[in-house]
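Subject: Structure handover

Hello,

Here is the structure I said I would pass on. My notes on it follow below.

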Amino acid sequence: MEEAGINPTAQPVPNASLPEPLNQQGPAAGPGANGPSWCASAVLAVCVLLPLTGLAAQQVSGSAISSGKTRPATLDEYRSHLASLNALVRACAQTRDMKTCDPAQVGPDDQVPLSQAPNAERRLIRYGWLRVLLSKAQDKDAPLSKPKTAASQAEQAWENVRPAPPTTTRMLTDAQSRLAADSAQAGISAPAPGHDAERAVLRQVLAGHEYRDLEETTAKDSAYEKVGNWLNHLLESAVRASARAPWLGRALVWGFIAAVSIALVWGLLQLERRWRIRLVPEDRTPAPGAASAIPWQQWLEEARRAAQAGQWREAIHLLYWASISRLESKRLWPADRARTPREYLALVAPDDPRQPGLATLTGNFERVWYGGRNASESDYQRAEQIATALISGASPGAGGGAPQ
């Protein structure tokens, strides 16, 4: 059995089941008795090595398609790379051979900066799709399928037939278009936008009348905002507390209603009081004994008659009260018969142009009338000039007669 090339461990096979050449025993069979075993070993070796060879070829092809290498490239280098790739695809579309359509000629992927800044962020541009396309372009396009007959179409009407995939020639043309579009996009230098159009639109909107009264936030507005935030926080705390104690919420509601009712009643009472006061006619006549109870014209006429009689002291006294009557009739102050000359002077504002003239006239009147000083015609002339200016409404010292 060993000379026949049969494995001793195998089960014995009856002689009747073997072919005729294998039934011969002994040296007469010769070396040819090992033939079947050698053929089986060769077939087994071929079956094992073929898948390994295909796997190795597939790994080599895959490494050629996706190199996995990247390089940092400037915009100029990226544009040059796109131009060379476009030329490569054009040449491959013309020849369609392994040398021209080698995927290794694509080169590494590019890391392109997004702007001209020194440390700008980079974007990875991959070319794996182009490597796959070039590897497919080495083979010719498959022949077009024959048009289906009506009978075959009727038989396959139930199938969801997908459209035929594009040919490699069509994909090479599309690849050229894609690379050309990328080159055009890379050729546009995109500086940082100035937003001039947006600013112009914003200025036009802010120039509208609804934004004309806008002002910068002041400290007063900030204080109001803080008070409002505090009130909101207080109300939120009250709401949370009312969730734990339901009676507190009802007490707040009824307290608010009571406060509003009291405020309304108070406001109505104030309005009713004002209306009642308006129903009483206003008495515009001065109180008896007040300076304005006698018209200023009468005071002035009596002063001039006293001056004609040489009574200079009395004439200055009448000129003073003529001025007080005129100012009081203009409602510079309310009529009151109990005021002193100094109190009349205190009622005039310091920035009033009539205040200096009235102060001079008051001083002359007090020295002559209350101080017992003798008055002369010059004293009267000076007092009449000031009184005439006060009565006419002009500044003291300006000329002009008394109004008629």
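Helix α2 (residues 75-95) lies across β1, β2 and β3, and runs at about 145° to β2. Please keep in mind that this is a predicted model.

The sheet

The three strands under discussion form an open sheet in the order β1-β2-β3, with mixed pairing. At the edges stand β1 (70-72) and β3 (122-125); each has a single partner strand, so one side of each is left without a neighbour in the sheet. On average, neighbouring strands are turned by 25° against each other, direction ignored. β1 and strand β2 (residues 109-113) run parallel and are joined by 3 bridges. Pro72 has Gln111 in β2 as its bridge partner.

Back on helix α2, one residue I looked at is Asn86. Asn86 has a relative accessible area of 14%, which is under the 20% limit, so it counts as buried. Leaving aside residues up to four places away in sequence, Asn86 touches Gln176, Leu179 and Ala180.

Helices α10 and α12

The axes of helix α10 (residues 312-329) and helix α12 (residues 355-370) come within 9 Å and cross at roughly 145°. The crossing is left-handed. On the α10 side the contact residues include Ile316, Leu319, Tyr320, Trp321 and Ile324; on the α12 side, Leu361, Phe365 and Trp369 are among them. By class, this contact has 11 nonpolar, 3 polar and 2 charged residues.

Aromatic pairs

The structure holds 7 aromatic pairs. One of them is the tilted pair of Trp299 and Trp321, at 6.4 Å centre to centre with 35° between the planes. Trp299 lies in helix α9 (residues 296-308) and Trp321 in helix α10, so the pair ties together parts that are 22 residues apart in sequence. Both residues are buried: Trp299 has a relative accessible area of 13%, and Trp321 has 16%.

Trp312 and Tyr380 have ring centres 5.7 Å apart and planes at 45°, so this pair is tilted as well. Here the link is between distant parts of the chain, with Trp312 in helix α10 and Tyr380 in helix α13 (residues 377-392), 68 residues apart. Tyr380 is buried, with a relative accessible area of 3%.

Finally, ring pairs link Trp299, Tyr320, Trp321, Tyr344, Phe365, Trp369 and Tyr370 into a cluster. Of these, Tyr320, Trp321, Phe365 and Trp369 also take part in the contact between α10 and α12.

Regards

Notes
Residues are numbered from 1 along each chain as its sequence is written. This is a predicted model: local features need pLDDT of at least 70, side-chain atom pairs count only at pLDDT 80 or more; totals for chains, interfaces and linings use all residues. Side-chain values use heavy atoms; hydrogens and water are left out. Axes are lines fitted to C-alpha atoms, for helices over the stretch in contact, and angles run from 0 to 180 degrees between N-to-C directions. Helices (H or I, at least four residues) and strands (E, at least two) are DSSP runs, numbered from the N terminus. A crossing is left-handed if the near helix is turned anticlockwise from the far one by less than a right angle, and right-handed if clockwise. Contact means heavy atoms within 4.5 Å. Ala, Val, Leu, Ile, Met, Phe, Trp, Tyr, Cys and Pro count as nonpolar, Asp, Glu, Lys and Arg as charged, and the others, Gly among them, as polar. Two strands pair if DSSP finds at least two bridges between them. Buried means under 20% relative accessible area, exposed over 50%, partly exposed in between (1.4 Å probe, protein chains only). Rings of Phe, Tyr and Trp (its six-membered ring) pair if their centres lie within 6.5 Å; planes under 30 degrees apart count as stacked, over 60 as edge-to-face and the rest as tilted.
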